[in-house]
Amino acid sequence: MSYELSRRQVLGVFGAVGATFALASCAGPGSTGGAITATGPSAPLTGTPSGKVSFAHWRAEDKDVFDELGKRWAAEIADVSFTQDITTSNDYNAQGLQKIRGSNVGDAFASFRGAQFASMADAGIYTDLSATAAAAAFVPSLLTAGTLNKQTLGLPYQVVFPMPVSNLDAFDKANAESAPKDWDSFLGSCEALKTGGYVPMAWPGGDVGNAGQLFNCMVANNAPAEDACAQIEIGTLKVTDDWFIAMLKQYQELVPYMQDNAQGTAVEAVQNMFVQQQAAMLVTGSYHISAIRALGAKFPVDLIFPSTNASGKTANYEGVYNATFILGVNAASEVQPAAYSWIEFLSRPENAAYYADNTAQHVAVAGVEYSDPDLVKLSPWLDKRTMLAARFQFENLDVRNAVEATAIAVVGGASPEEAAESAQLIVDQNLR
């Protein structure tokens with residue numbers, strides 16, 4: 001069975017965030033291809049592939065899958081080899097540009113959507129993949145997250161859902177609603193799970209990157225505009241506004257349903273709580289399903305959306321998604337033909353399917369047929385009315401961290417007003 005993304009709401013959110021970055025018109029960091037011209041980056045060299053390709057990314061959990069794909073690629077293309085340079089997600093977010101600049105590592109590389117993609121584009125790291133066979137293999141609407149000034153610089157490989165993962169057995173045993181349509185219904189599900197002996201929500205407040213995924217859900221039906229986070233960053237909206245305070249008060253309502261010391265808990269701890277069926281929801285996202293399966297989870301899972309709309313009011317969105325793990329070819333690479341060949345290899349449906357099925361990640365490549373039971377189970381979410389994850393609208397990571405820290409502070413006991421005022425001071429200091 002083939003699953004295509006028949007509808008995607010990739011609207012102006014990313015455009016509002018990323019389109020303001022102009023690419024430099026000076027010479028690029030490499031002289032062997034991919035140079036920056038007056039019209040932006042040029043295409044990568046696509047001669048005979050040869051040499052050792054370094055692939056830089058942050059997904060250590062995917063290492064074995066990429067190693068196998070690398071072996072298959074090297075078996076197909078003579079005179080190439082493959083190595084991975086893997087950094088933790090937080091370090092990659094903070095240091096990825098510095099690592100990849102100059103191509104000591106990262107002939108091919110991945111980037112996060114939003115701030116990192118924009119900064120790498122601004123630095124001239126990318127080549128232009130617009131006219132390549134690799135780009136043609138993707139669902140066109142999902143290329144938006146890797147497109148700047150009408151050039152496709154990167155290929156968003158993953159379609160992920162940064163929403164809580166639910167243990168369907170736990171919901172059944174607790175007689176809890178697994179698909180609540182409003183805020184009161186979601187709280188009702190949490191109460192039923194708590195009464196049934198579960199920690200309803202295992203939330204990793206001590207891991208900033210993973211803690212922020214719940215923020216995407218909480219923003220979706222609270223924000224006055226789809227680009228609300230971008231507006232916070234430029235000052236047209238504030239975290240002290242009524243809608244944001246109301247959202248933080250909803251975080252307060254969730255505290256009784258989280259584990260003790262939720263604001264200081266690491267992601268590994270909440271994964272273990274979920275796998276051991278102490279917790280009914282892993283409050284991170286679909287990208288952790290492969291990890292919990294590797295830890296031994298056998299129970300059926302789905303995604304659940306904590307919809308913040310009032311009872312009787314139709315929600316604007318039924319969930320959230322992100323198009324990320326944006327693949328690129330380094331403009332400074334000395335083995336550009338091989339680096340591009342690797343990216344093109346990953347873009348073939350059969351190879352994308354292997355990646356998807358072995359990592360429990362949906363992909364943005366068109367025509368992929370999924371066989372992994374979890375991917376098949378979650379595939380209906382691809383066609384729901386979902387919002388592109390709002391936290392990646394922020395281009396300034398200091399601002400993003402300050403805004404998201406309001407939620408962690410509130411879960412830790414701070415008042416919504418105090419948390420918002422503290423964050424707004426940092427936002428104001430960073431206004432462009």
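Buried means under 20% relative accessible area, exposed means over 50%, and partly exposed lies in between (1.4 Å probe, protein chains only). Helices (H or I, at least four residues) and strands (E, at least two) are DSSP runs, numbered from the N terminus. With that in hand, welcome to the close-ups. This is a predicted model, in which local features need pLDDT of at least 70 and side-chain atom pairs count only at pLDDT 80 or more, while totals for chains, interfaces and linings use all residues. Residues are numbered from 1 along each chain as its sequence is written, and side-chain values use heavy atoms, with hydrogens and water left out.

View 1. Start with helix H7, which covers residues 183-195. Its end C-alpha atoms are 18 Å apart, which agrees with the 18 Å that 13 residues should span at 1.5 Å a residue; the expected span is 1.5 Å times one less than the number of residues. Look along H7 for the buried residues Trp183, Phe186, Leu187, Ser189, Cys190, Ala192 and Leu193. They pack against helix H6 (168-174), strand S10 (199-202), H9, H11 and S11; contact here means heavy atoms within 4.5 Å. Just after H7, Gly197 has a positive phi of about 95°.

**View 2. Helix H17, with a bend.** Helix H17 runs over residues 397-411 and reaches 21 Å from its first C-alpha to its last. At Ala405 it bends by about 25°, the bend being the angle between axes fitted to the seven residues ending at a residue and the seven starting there. Among the buried residues of H17 are Val399, Arg400, Glu404 and Ile408. The cover over the buried residues of H17 includes helix H3 (89-100), helix H11 (242-254) and helix H18 (416-429). Asn396 caps the N-terminal end, placing a side-chain oxygen 2.8 Å from the backbone nitrogen of Asp398. After H17 comes Gly413, with a positive phi near 120°.

View 3. His288 sits in the loop between strand S11 (279-282) and helix H13 (289-294), and it counts as buried because its relative accessibility is 8%. Its side chain makes polar contacts with the side chains of Thr284 (3.0 Å) and Gln271 (3.4 Å); a polar contact is a pair of N or O atoms within 3.5 Å, and within protein one must be able to donate a hydrogen and the other to accept it, with residues adjacent in sequence counting only if both atoms are side-chain atoms. Not counting residues up to four places away in sequence, His288 touches Asn210, Val267, Gln271 and Leu282. Asn210 belongs to helix H8 and is buried too, with a relative accessible area of 11%. The side chains of Asn210 and Tyr287 make a polar contact of 2.6 Å.

View 4. The C-alpha centres of the two domains lie 27 Å apart, and 22 residues of domain 1 are in contact with 26 residues of domain 2.

Methods: Domains from an automatic or database assignment.
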